[in-house]
Amino acid sequence: METIGIIGIGKLGLCFALNLERAGYAVLGADVSDAYVNALNEKSFFSYEPQVNEYLTESKNFKATNSLTQILQSTAQKIFIMVATPSLADGSYDHSQIERVTDEIIVAGKTESKKHLVIGCTTMPGYCDKLAKKMEAYNYSVSYNPEFIAQGSIIHNQQNPSQILIGEADANAGDAIEKILKLLAVTNPVVCRMNRLSAEITKLATNCFITTKISFANSIGDLAKQSGADAEKILNAIGSDARIGNQFLQYGFGFGGPCFPRDNRALKKFAENVNADLPISEATDKVNQQHLEFQFETMLKENSVDEKIIFEGVAYKEGTVYIDESQKLLLAIKLANAGRQVVIRDSKKVIDEVRGLYPDLFIFVER
Ligand SMILES: NC(=O)c1ccc[n+]([C@@H]2O[C@H](COP(=O)([O-])OP(=O)(O)OC[C@H]3O[C@@H](n4cnc5c(N)ncnc54)[C@H](O)[C@@H]3O)[C@@H](O)[C@H]2O)c1
């Protein structure tokens, strides 16, 4: 049984590890917290992500460790790095967690047989090429393999990709990654192999396209509402055009979450770095903010001052527990700050987090 190493078994990495284990690999996953690693090994860790608890309980060949050295000393030839890449104030990604991992790999020294590092984190275009140069002397190749998944359906998305994107170090590394991901997929995904830089741009540009579609739908919807037309009927008709498609073309809340807004901004920042003009990602962001303002003004008009306004869930996406850049929550905050009584009905996890940030702003109801 082949062993695969994963460094960073958080929201994304843990799902990937469990999926790989189910696909027939022995998986060794490293993370930093002893308590987390122990909980995973004792199978007492609880996740809100669908299927994770069940897959963890049933797993036989997944082991967590707090020692990166253990992964380097194992038989794993392919090591996925899935640590976090938070956004910096200028919109670019902070690669310092990847750097800490790769610095540790460098300190461990050159490997006898070639090993493949696969970066699953979202990175700024150009980063993986720089990293590859650095790791070459230590006999590690570096490929880039981002995932197109959404919180609340990570396991399912990893098993059902429509496309696999590989920024390959070379054909051998590309073949190896393709083999692993195809084994994991129950669909027959289109495999898009290219160099690292192109793949890094593709990852950000894909999310930029989706956010553009969402912003387009919301601006046409706002226009319809403003003029007394039927937003849903208009958007449904537009999306029924086979060239366009209905996905992400509904009238609703703007885009949020841990990926869409960040990838959109990072693409704009990358364009600036190479002196390219990319007004589309800026416009998409601006429309998202304008739409929030439109929703706010509309709700102020549609609800009387003494009426309670009820929000059924304020996570960025229905069925998740994350509030990163949630447009729903931003709207609730604006309404409450404008003196309206706002009720938030959500899970204990979301309520605890929102209450921690805004202790006196809302009326909370656990569901
Ligand atoms: N979660 C998503 O929806 C999603 C979707 C697409 C892409 N991504 C990208 O995937 C990457 C990981 O995202 P995530 O949401 O899983 O982040 P996360 O914060 O949930 O997980 C990262 C994990 O890495 C661990 N880690 C950090 N430094 C480490 C080290 N030196 N050694 C071992 N472990 C270490 C952390 O403790 C954490 O558990 C990011 O680049 C993110 O942008 C995430």
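## A walk through the model

Start in the middle: select Ile6, Ile7, Ala17, Ile81, Met82 and Ile119, the residues with the most contacts inside the largest nonpolar core, which has 60 residues. Such a core is a set of buried Ala, Val, Leu, Ile, Met, Phe, Trp, Tyr and Cys residues joined through C-beta atoms within 7 Å. Buried stands for 20 or more other C-beta atoms within 10 Å of a residue's own, exposed for 12 or fewer, and partly exposed for anything in between, with C-beta atoms placed from the backbone.

Now colour helix α1 (residues 11–22): seven residues of this core, the largest share, come from α1. Helices (H or I, at least four residues) and strands (E, at least two) are DSSP runs, numbered from the N terminus. Domain 1 (3–194) and domain 2 (232–366) both contribute residues, so this core lies between them.

A word on what you're looking at: this is a predicted model, where local features need pLDDT of at least 70 and side-chain atom pairs count only at pLDDT 80 or more, while totals for chains, interfaces and linings use all residues. Residue numbers run from 1 along each chain as its sequence is written.

Next, click Ile7. Leaving out residues up to four places away in sequence, Ile7 touches Ala30, Leu68, Ile71, Ile79, Ile81, Met82, Val83 and Val101; contact is defined as C-beta atoms, placed from the backbone, within 7 Å. Then pick Val321, Leu335, Val354 and Phe362, which are among the members of a second, separate core of 15 residues.

**The ligand**

Which residues are closest to the ligand? Select Gly8, Gly10, Lys11, Leu12 and Cys121, the closest of the 25 residues that surround the ligand. A residue is taken as near if its C-beta atom, placed from the backbone, lies within 6 Å. Helices α1 and α5 (96–108) each supply at least two residues of this shell. By type, the shell divides into 13 nonpolar, eight polar and four charged residues. Here Ala, Val, Leu, Ile, Met, Phe, Trp, Tyr, Cys and Pro are nonpolar, Asp, Glu, Lys and Arg are charged, and the others, Gly among them, are polar.

Zoom out and colour by domain, with bounds from an automatic or database domain assignment. The C-alpha centres of domain 1 and domain 2 are 30 Å apart. Twelve residues from domain 1 and 15 residues from domain 2 make the contact. On the domain 1 side, these are five nonpolar, six polar and one charged.

Helix α9 (residues 196–227) is your next stop: 32 residues, reaching 47 Å from first C-alpha to last, close to the 46 Å expected at 1.5 Å a residue. That expected span is 1.5 Å times one less than the number of residues. Just after α9, Gly228 takes a positive phi of about 85°.

**Loops, then a strand**

Go to Phe248, in the loop between α10 (231–240) and α11 (260–273). Phi here is near 60°, positive in a residue other than glycine, and Phe248 counts as partly exposed because it has 17 C-beta neighbours inside 10 Å. Asn275, in the loop between α11 and α12 (279–302), also has a positive phi, near 55°. Buried or exposed? Asn275 counts as exposed, with 6 C-beta neighbours inside 10 Å.

Finish at Ser143 in strand β6 (residues 140–144). Ser143 is buried, with 26 other C-beta atoms within 10 Å. Beyond four places in sequence, Ser143's contacts include His116, Val118, Glu168 and Arg196.

Definitions and conventions:
Contact = placed C-beta atoms within 7 Å.
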